[in-house]
Amino acid sequence: MTHIIDRRLNGKNKSTVNRQRFLDRYKKHIKEAVNQTIKQRSIKDMEKGTEISLPSRDVSEPIFHHGPGGVNTRVHPGNKEFHQGDVIARPPSGGGGGGLGEGQASNQGEGMDDFVFQISQEEFLDYMFEDLELPNLVRKQLKDASNFEYRRAGYTSVGTPDKLNVVRSLRNAHARRIALGGKKRKRVKEILEELEALDQQCLDNEVSDIEANVIRAALFQELEELRHKLGKLPFIDDFDLRYNNLIKVPLPSTRAVMFCVMDVSGSMTQAIKDIAKRFFILLYLFLKRNYKQIDVVFIRHHTTAQEVDEETFFYSRETGGTIVSSALELTSEVIQKRYNPADWNIYVAQASDGDNWDDDSIRCAKLLLKDIMPKVQYFAYVEIGSRFHQNLWEEYRQVAATYPDQFAMQDLTDASDIYPVFRELFERRDA
């Protein structure tokens, strides 16, 4: 088998296939590089492309060649210092500085860098969100569906030329010609047989020539009239035309809404808030890229909760005490008003440091168990901080035990945990 590799530059996407083959081959390295890049990036640079560095030993293509064994005689050109037959000692181990990068670090000499290339923003996001999805996404009922598709539903006698079904129309025309001309063709066949029989009778002297000519003339006249009538039958008529009938069928809706609930109370330090924002930005990028019909509701809370726009959610500096149940109550209220669970896939992602007002954590668990969890597809809770878990975490564990497939909770210590935790929360599950 012969493999031809196109190494031309990527003008007019000529080497797109080769590029894709290259990316597939080094997928593992690229994914590791993407993971490392995400950990180091700021919020604003989250969705940009990046440079990928591959170890030089991994980019060489396998080839068939002679091994180093056996006895070889080589004659190298000499110079003023060396002559044919001289034995040249090997350089000391680690002191070559020949540039292959295998010696010890020094301030002299050159080595071979890893293979570095750039992946685009689209490719970067592809690797970042690969194998992720919203859990438990289902198709809701058809009422008020906004998506439709056209499906074939037989044939119709009226339509536009672009929907003309040629085969069905010709079949109808053929059937019509058979139905209208069948008797005439049968009579034509009978006349031809009668003329042949008349000729035979003339040869056998059973009929006189005069009588035969009269009969023959009458038959020829009738034959001509029949053929004339058959010739006037149109090959195809408007009555024969058939058009493909397409009907508009509503598609089940996969509409979804994501509630982003963030704690902005005074106990949330700036570092913790930054981690929470980065988590929600990652979630927002994932939703925007992978789903077309999805609403995002942003809710901030301290002692009171408020539904805000995207700008306010990420950049407002308002803070205060902590009552987590206020955010859950607002979430339940918005679901009841705007997002009927029969029509929408409902998701909630909550980020907090776990610090809550006395006895409010118990109320949070009750709200989740009675009002929210029966309506949502999935609830993801991340607790940010390095201290011991608060009573909110313990209450939420009871909810997780009651809804093991719909409720997930993880803790974040620093920014490097964001992406691994995000992947774990939204990793594609086996059906």
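These are my notebook entries on a predicted model, from overall counts down to single residues.

**Ground rules.** I number residues from 1 along each chain as its sequence is written, and my side-chain values use heavy atoms, with hydrogens and water left out. As the model is predicted, local features need pLDDT of at least 70 and side-chain atom pairs count only at pLDDT 80 or more, while totals for chains, interfaces and linings use all residues.

**Entry 1: the whole chain.** I looked up the secondary structure and found 11 helices and 10 strands; these are DSSP runs numbered from the N terminus, with helices being H or I of at least four residues and strands E of at least two. Of the 431 residues in the chain, 35% are buried. Here buried means under 20% relative accessible area, exposed over 50%, and partly exposed in between, with a 1.4 Å probe and protein chains only.

**Entry 2: cysteines.** How many disulfides are there? I got zero, taking a disulfide as a pair of cysteine sulfur atoms within 2.5 Å. I also checked Cys-202, which counts as buried because its relative accessibility is 17%. Cys-260 is buried too, at 2%.

**Entry 3: Asn-356.** This residue sits in the loop between β8 (345-352) and α9 (360-372). Is Asn-356 buried or exposed? It is buried, because its relative accessibility is 9%. I then looked for polar contacts (N or O atoms within 3.5 Å; within protein, one must be able to donate a hydrogen and the other to accept it, and residues adjacent in sequence count only if both atoms are side-chain atoms). The side chain of Asn-356 has one of 2.9 Å with the side chain of Asp-360, and it also reaches the backbone nitrogen of Val-324 at 3.1 Å.

**Entry 4: salt bridges.** My search of the whole structure gave 16 salt bridges, each being a side-chain nitrogen of Lys or Arg within 4 Å of a carboxyl oxygen of Asp or Glu. One of them joins Asp-199 and Arg-216, at 2.9 Å from N to O. That pair links distant parts of the chain, with Asp-199 in helix α4 and Arg-216 in helix α5 (residues 209-231), 17 residues apart.

Next I took Glu-333 and Lys-337, whose closest N and O atoms are 3.1 Å apart. Both lie in helix α8 (residues 324-338), four residues apart, about one turn of the helix. Glu-333 is partly exposed at 37% relative accessible area, whereas Lys-337 is exposed at 64%.
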